[in-house]
Amino acid sequence: MAKIETAASAGTEKKTSKALIVQNDRSILLDVHSDTAEEARRALAPFAELEKSPEHVHTYRITPLSLWNAAGAGLDAQDIVSVLTEHSRYELPQGIADGFSDTMSRYGKIVMAYNEADGQPGGERLFLQIDDDAVNAEVGSYKVLEKYLEKEDGGYSLKLTDRGIVKRELIKKGWPVRDDAPLVKGEDLEIKLRGESLRGLPFCARDYQIKAAESVVADGGPGTGYGVVVLPCGAGKTVVGMQVMSMLNTSTLILTTNVVAVRQWQEELLDKTHLEKEQIAEYSGDSKACAPVTIATYQIITWRADKEGDFPHFRLFRERAWGLIIYDEVHLLPAPVFRITAELQAVRRLGLTATLVREDGAEDAVFSLVGPKRYDVLWKELEAKGWIAQAFCTEIRLDLPEPLKIPYAVAGQREKYRIASENPLKEEIVLKLVQGRPDDQILVIGQYLGQLDSLAKLLDAPLITGKTSNAQRESIYARFKSGELRVIVVSKVANFALDLPNASMAVQVSGSFGSRQEEAQRLGRILRPKERPADFFSLVTRYTVEEGFAANRRKFLTEQGYKYSITHEAQFSVPAAGGGG
C-alpha cells in the first residue's frame, strides 16, 4: 500500500496534491486533508462504495454492484476511468479498469417492460426482453426461474407478481435487470410543507435533505423517481420522505417497521405538512384504515395464516392509485416483501435507511426492489455542522465471576455468548453509570429479557420488550420525552424507528452477536442534536467470545470515524457528561 502523507503527519494545512490513491484491488483511499477531497468524494459517489471513514483516510471500493449503480445512472467505463485519472495522486495501477466495461455492460442486457399483449400498463404480465442469444439461453437454463418464466420470442414473459423475485434471482446470477416499465403518476394529492410546525417551531428542510430528495425525483425522466437515500440516525430521514412527497404531490403508501414508527410518521406529517388528520391512515395490527396517505407495518403486510397461504393484506396495494411508496428502514425489508410489493415497482419509490449493511449480505436485494443508492452523506460531516450530536463510544470490560468460569468453559458456542452477555457484574456498572450521571436521560439496551427484567427492577425503571403493548410503549416514550422518566430499559425492539431526541446516554449490556447494523442503530438513538456530546457505553465480558463479537462492532464504529476507547472495570470511573470513558 502506498504511504499517505496527510495533515496528521504534515501539519494541519490542506495539501494541494490530488486526493485519491487508487489500488489494484479496486480499493480507493481518499486523503480527507487534500484541498480537492470534497470534489473527489462527489465524483466517486456514483460508482464506488464507502467502506471506512475514520479521521484522516477514507476507503472506497469499486464492486460489481457499485458499477451497476453507475450504469443505471448513465455512466460508462470511460467516465469512471476519467474520474480516477483526474483525481488520482499517482498513475493508475495497470489493468485497474480491466473488466469495468464488461461488468457494466451486463446492466441492460435484460430489459423488463410491460407485455404488449396486455396493452396498457397495469396488465397481469411482464416481458423480459433479451436480444443476446447466449444470454437468452443462459437465463432459460436457470432452474430457480423455471416456475416464473414462460418462453416467448426474444425473451420470457412472467406474472406481474413475480417481478421482484425474478429481478432478485437474476442479479444473484450477475444480471441486473434494467426496468423500463413506465412509472404511474398516481392519484393527485396536494402536500405542502409548513414554514412553522404546529408546535410553533420554525421548519424548513435542510440543504442535504433537499439534495437527497432531488436525487431521487430528478427531472422525472426515464431512470428517475426511485432509489435509496442513506443518512445517519438523527439526520431527519422522515423529512426527506416528506420533501419527496411535497415534490410529487401524490397519494403515498409508507411501509415501516412497527406501530411506534407508524405513529411517529403520523405525528411528523401532521406537525410539518398541511395534511389533515383524516387524510392520514394507519394500517397495522391495531387498525386497518386506508387514506390518501397510508402508513403500514412490514409485519401486517407480510402476515398470512400459514406459509403456503395467500397474503390477505396484499389488497392494500390496490386500495388506491398510489403514486409513491416509501420504504422506511429499507435495509430491514423482509423477504416476502420482494414478492408482494412487486407490482408497486411501477410506482415511484423511496428507500430510507441509516445503513445499507445487511448481516445476510443481501444488499443487492434492495437494488432489485427499490433501486440504486442515490444519495448518502458521512456521519462525521453532519456532526461537524451540528446536525447530529458528537458521540463518544466507550467499551468497559469486566471479568467473568468465578462461579461462572467452569459453566462457561464447558458450554457450547451460543451458550458461551449468553453466559458472557448476562454477566451479573454488568449490573453494578450500569447502576454506577446511572447514579453518576443524574442529569442524563439514559437508555439501557440489551438482548436477553431475563437480564433486562433484572436491570429494570434494580433501576426502578420501566421495561419495554416485544410483549409491551403499543399503548404502554407510547406512554413510556412520552414520559421519557417530557423528562418525567430519566431511565428506560429497552430490548432490541428499540433498535429501529425510535425518536427520543433528548436521550443523551446509551448503555448496551448485550447485543445480537457482532451485528454492525444493530450497533449503528443503537448509537443512533442518542445522535439527535443537543448542546453537548452524547455517550455510548458497551459492557463486554473479557476473555470470552463476547470480546470477539464486540471487536466486530467496534471496528465498524471506528471506521465511521467515531472516537472509541476501551477500559477495564477496575480503572473505570464515571466520566463527566460527554467525556467518554
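Helices (H or I, at least four residues) and strands (E, at least two) are DSSP runs, numbered from the N terminus. Strand β4, one such run, covers residues 57-61 and contains T59. The structure is a predicted model, in which local features need pLDDT of at least 70, side-chain atom pairs count only at pLDDT 80 or more, and totals for chains, interfaces and linings use all residues. Residues are numbered from 1 along each chain as its sequence is written, and side-chain values use heavy atoms, with hydrogens and water left out.

T59 has a relative accessible area of 13% and is therefore buried. Buried means under 20% relative accessible area, exposed over 50%, and partly exposed in between (1.4 Å probe, protein chains only). Contact means heavy atoms within 4.5 Å.

An open sheet of 5 strands has the order β7-β8-β6-β5-β9. Its pairing is mixed. Two strands pair if DSSP finds at least two bridges between them. β7 (150-152) and β9 (178-179) are the edge strands, each pairing on one side only. Strand β5 (residues 110-114) runs parallel to β9, and 2 bridges join them. V111 stands opposite R178 of β9.

Two helices contact this sheet. α6 packs on the sheet and touches β5, β6, β8 and β9. The direction of α6 makes about 175 degrees with that of β5. Axes are lines fitted to C-alpha atoms, for helices over the stretch in contact, and angles run from 0 to 180 degrees between N-to-C directions. Helix α5 (residues 133-140) lies across β5, β6 (125-130), β7 and β8 (155-159). α5 runs at about 40 degrees to β8.

Helix α6 (residues 163-172) is mostly covered, with 8 of its 10 residues buried. The buried residues are R163, G164, V166, K167, R168, E169, L170 and I171. G174 follows α6 and has a positive phi, near 90 degrees.

Positive phi values also occur at residues other than glycine. Most residues other than glycine have a negative phi. E329 has a positive phi near 50 degrees. E329 sits in the loop between β14 (324-327) and α11 (335-340). Its relative accessibility is 5%, so E329 counts as buried. D460, also not a glycine, has a positive phi of about 55 degrees. D460 lies in the loop between α17 and β19. Its relative accessibility is 74%, so D460 counts as exposed.

A further open sheet is formed by 7 strands in the order β19-β20-β18-β21-β22-β17-β23. The pairing in this sheet is parallel. β19 (463-464) and β23 (563-568) are the edge strands, and each pairs on one side only. Strand β17 (residues 391-398) is joined to β23 by 6 bridges, and the two run parallel. C393 stands opposite Y564 in β23.

α16 packs on the sheet, where it touches β17, β18 (442-445), β20 (487-490), β21 (505-508) and β22 (534-541). The direction of α16 makes about 165 degrees with that of β22.

Helix α16 (residues 426-436) also packs with helix α17 (residues 449-459). The angle is about 40 degrees, and the axes are 11 Å apart. α16 and α17 are therefore oblique to each other. Angles under 35 degrees count as roughly parallel, over 145 as roughly antiparallel, 65 to 115 as roughly perpendicular and the rest as oblique. α16 passes α17 in a right-handed crossing. On the α16 side, the contact is made by K426, E427, V430, L431 and V434. On the α17 side, Q451, S454, L455, L458 and L459 take part. By class, this contact has 6 nonpolar, 2 polar and 2 charged residues. Ala, Val, Leu, Ile, Met, Phe, Trp, Tyr, Cys and Pro count as nonpolar, Asp, Glu, Lys and Arg as charged, and the others, Gly among them, as polar. A crossing is left-handed if the near helix is turned anticlockwise from the far one by less than a right angle, and right-handed if clockwise.

L425 is found in the loop between α15 (413-421) and α16. With a relative accessible area of 22%, L425 is partly exposed. L425 touches L398, D399, P401 and E569, not counting residues up to four places away in sequence. L425 and E569 are 144 residues apart along the chain, yet their C-alpha atoms are separated by 9.6 Å.
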